[in-house]
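Trainee: I would like to learn how to read a protein model, feature by feature. Could you take me through this one slowly?

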Amino acid sequence: MSKFASKFQKVLMSFSYRGKEIFKPLNTGRIDERVSVVREWVANVFFYTKNGKTVMIDAGYNYERLAEKMKWLDIEPASIQHILLTHLDTDHVGAVERDSGGLFQNAKIYLGEIENKYLTGEARRRVLFGHYKIPMVKTDNEKRLLKDGEVFYIEDIKVEAILVPGHTFGHLVYLIDDAYLFTGDTIWFGPDGGYSFLNSLAEDNELAKSSLVKLEKILKERGISPKIISGHTGWTDDLEFAFRHKDQICNSLKKQKPHDPMAPYDAYDEREDTEEKARGEWLPKAREIME
């Protein structure tokens, strides 16, 4: 179903979110020497490289240009043996679904043991305030199920899985080498700081807000300030900015305030995403813009 769902989203969501300044994906490129990014319409797929080993974070849509854009970053699909999945929505799992092109058919996928219930059919993913059931995900990849707080290593890359339910009930974020936090659809960065992700797409908005409180507390108690990397709205290394509006939710039904002049009118328009730019400069972090 990922091929159909990807095309359906491209048409429907492009129309629904046009001009609302909701999605602000990074273009294909590099955040720094370890983190590379591919843009797939409104979503980002990430790659973390250390000592010659590359791990993929989220699998995007069933997206025909993924291999092409990976080559802009000098990453071969066959080199990807490990994929960390934050959750199982269409725009985060498409490249490992059964009807995908099979770029990563030999990769092991990692996901939360609660999120796995969407795979087994024990639970059904609901969006649009619970009114629409997303088609079940089907994958043939080897999988490893993770518990909240589980720490494991992929060669010398340290990964910690942290459960942050709300957007989905089994959503994980991944803290890698205590220096990078990949948050999937947990945080939405507006021009004045971070909010809980889109209200219409959450299983439980109150639970999503409490997960942000939990996440901030973990980072502050440990005294760490990782680069916080979102699935759709860029990254920041400013902890205060990231959690400034943790008690509020991004309203996906209207244009956001304050308005962000850097947000594209239609984030599904990829004309600004080019190989020349991908190879030419570091990707800027989310910055504060006030009206």
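Predicted model: local features only at pLDDT ≥ 70, side-chain atom pairs only at ≥ 80, totals over all residues.

Trainee: Is Asn106 buried or exposed?

Mentor: The general idea is that buried means under 20% relative accessible area, exposed means over 50%, and partly exposed lies in between (1.4 Å probe, protein chains only). Asn106 has a relative accessible area of 62%, so Asn106 is exposed.

Trainee: How should I read a sheet, and what is the order of the strands in the open sheet of seven strands?

Mentor: Strands of a sheet pair through backbone hydrogen bonds, either parallel or antiparallel. Two strands are said to pair if DSSP finds at least two bridges between them. Here the order is β1-β2-β3-β4-β5-β6-β9, with mixed pairing, and the edge strands, β1 (29-30) and β9 (143-146), each pair on one side only. Within this sheet, β4 (residues 53-57) and β5 (residues 82-84) run parallel and are joined by two bridges, and Met56 has Ile83 in β5 as its bridge partner.

Trainee: What is a salt bridge, and how many does a search of the whole structure find?

Mentor: A salt bridge is a side-chain nitrogen of Lys or Arg within 4 Å of a carboxyl oxygen of Asp or Glu, and the search of the whole structure finds 30. In one of them, the side chains of Glu21 and Lys255 meet at 3.9 Å, N to O. Glu21 lies in the loop between α1 (2-17) and β1, and Lys255 in the loop between β18 (245-249) and α7 (275-280), so the pair ties together parts that are 234 residues apart in sequence.

Trainee: Which residue forms a salt bridge with Arg222?

Mentor: The partner of Arg222 is Glu160, and their closest N and O atoms are 2.7 Å apart. Because Arg222 lies in helix α5 (residues 205-222) and Glu160 in strand β11 (residues 157-163), this pair ties together parts that are 62 residues apart in sequence. Arg222 counts as partly exposed at 41% relative accessibility, whereas Glu160 is buried, with a relative accessible area of 7%.

How values were computed
Residues numbered from 1 in each chain as written. Heavy atoms only, no water. Helix = DSSP H or I, 4+ residues; strand = E, 2+ residues; numbered from the N terminus.
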